[in-house]
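Have the sequence and the structure open side by side as you read.

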Amino acid sequence: SARLSLTLSRCSGVGLALCQRLLEEDGRIHLCIACRNEQKSEATRDLILATHPAAQVSTVEVDLGNLASILRAARELRCRFQRLDFVYLNAGIMPNPHVNFKALWHGLLTGKVLHMLTTAEGIMTQTDRLNGDGLQEVFATNLFGHFMLVRQLQSLLCGNERPSRLIWTSSSNARESAFSLSDYQHAKGQESYSSSKYATDLTSVVLNRKFNSQGLYSSVVCPGLVMSNMTYRILPIFLWKLLMPIMWLIRFFAKTYTLTPYNGAEAHVWLFKQKPEYLDSLVKYHSCTSGLGKCYVEARKMDVDEDTAEKFYQKLLELEEQTLEKYHDLLD
């Protein structure tokens, strides 16, 4: 029977490339695209059908920064499907990104500039805010919204004939130093994106421990540096145009400069073809591209403390409980 993949994305960039590449791997797969609004979902569906006219592509509307929207979408998916084979948790935001040029200059002087350019460590800051649910917007959209949806879809993910897979889009910018258990929503810092991606890594580790025995497996990937709508907001467009030739050159030294959405989806697609039982739950799979443009996947051990991961998971469960009390009318 055809496998079913739910892809949560911003309906562009890596998310769109991933959908197209999955159909190249298996034309029988049923794709369900989850986007924030109906127009974007339908436009993405049309783009996919233009290159794969026989594909089974459906859509669902979900705003991962809005808990009521998540609960409604989960209810709809439970009505429409009996199981989900793959859930690609790829949606994310990086609001008001700023480059710290002083830190970048320091990196040049200390010889750490290549590391900084490949991880954005110390040079990227964001301005976060509270959303309509009273949660920090980046934490809610990049992690908690995904977590809530996964929890609501548990009946479609556990106890199936074959394993179900969660594949989270994390980042090489996920750093322990940006994350704090006492401020896990990152209300007090300026690196909310990094914190949310480190929280993603922690969550995936615990989900494996809790649910592998029920046939649910979780993995994290890093798409590398992809030129997308999110990236283009960091600097003015004219600067990107000036920098692009340099970035293609940097790729000879920095394999994570995947640059195109097609290359950035390499690890996502590679995981689609693997048996999850043989994967290491403490590894992050990085999309890489050689200087000559060859795509490959590199597995790197994650810098996660399993005790911290367990404590954080308990905090997520507490927050989930508080949330569900507010929205009990949207539960079955």
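Asp46 counts as partly exposed, because its relative accessibility of 48% falls between the 20% limit for buried and the 50% limit for exposed. Please keep in mind as you look around that this is a predicted model.

You will find Asp46 in helix H2. On the surface, Asp46 gathers with Glu38, Glu42 and Glu61 in a patch of negative charge. Helix H2, which covers residues 38-51, gives the most to this negative patch, with 3 residues.

## Asn142, under cover

Next, turn to helix H6, which spans residues 137-152 and holds Asn142. Is Asn142 buried or exposed? Its relative accessible area is 2%, and since buried means under 20%, Asn142 is buried.

Which side chain does Asn142 meet in a polar contact? The partner is Ser196, and the contact between the two side chains is 3.2 Å.

## Lys275, in a loop

Finally, look for the loop that runs between helix H12 (266-272) and strand S9 (283-289), where Lys275 lies. Lys275 has a relative accessible area of 55%, and because exposed means over 50%, Lys275 is exposed.

Definitions and conventions: Residues numbered from 1 in each chain as written. Predicted model: local features only at pLDDT ≥ 70, side-chain atom pairs only at ≥ 80, totals over all residues. Heavy atoms only, no water. Patch = residues over 30% accessible without salt bridge, like charges linked within 9 Å, V, L, I, M, F, W, Y side chains within 5 Å. Areas by Shrake-Rupley, 256 points an atom, 1.4 Å probe, with all protein chains shown as cover. Salt bridge = Lys/Arg side-chain N within 4 Å of Asp/Glu carboxyl O. Lys, Arg positive; Asp, Glu negative; His and termini not counted. Charge placed at Lys NZ, Arg CZ, Asp CG, Glu CD. Helix = DSSP H or I, 4+ residues; strand = E, 2+ residues; numbered from the N terminus. Buried < 20%, exposed > 50% of the residue type's maximum accessible area, 1.4 Å probe, protein only. Polar contact = N/O pair within 3.5 Å; in protein donor to acceptor, adjacent residues only side chain to side chain.
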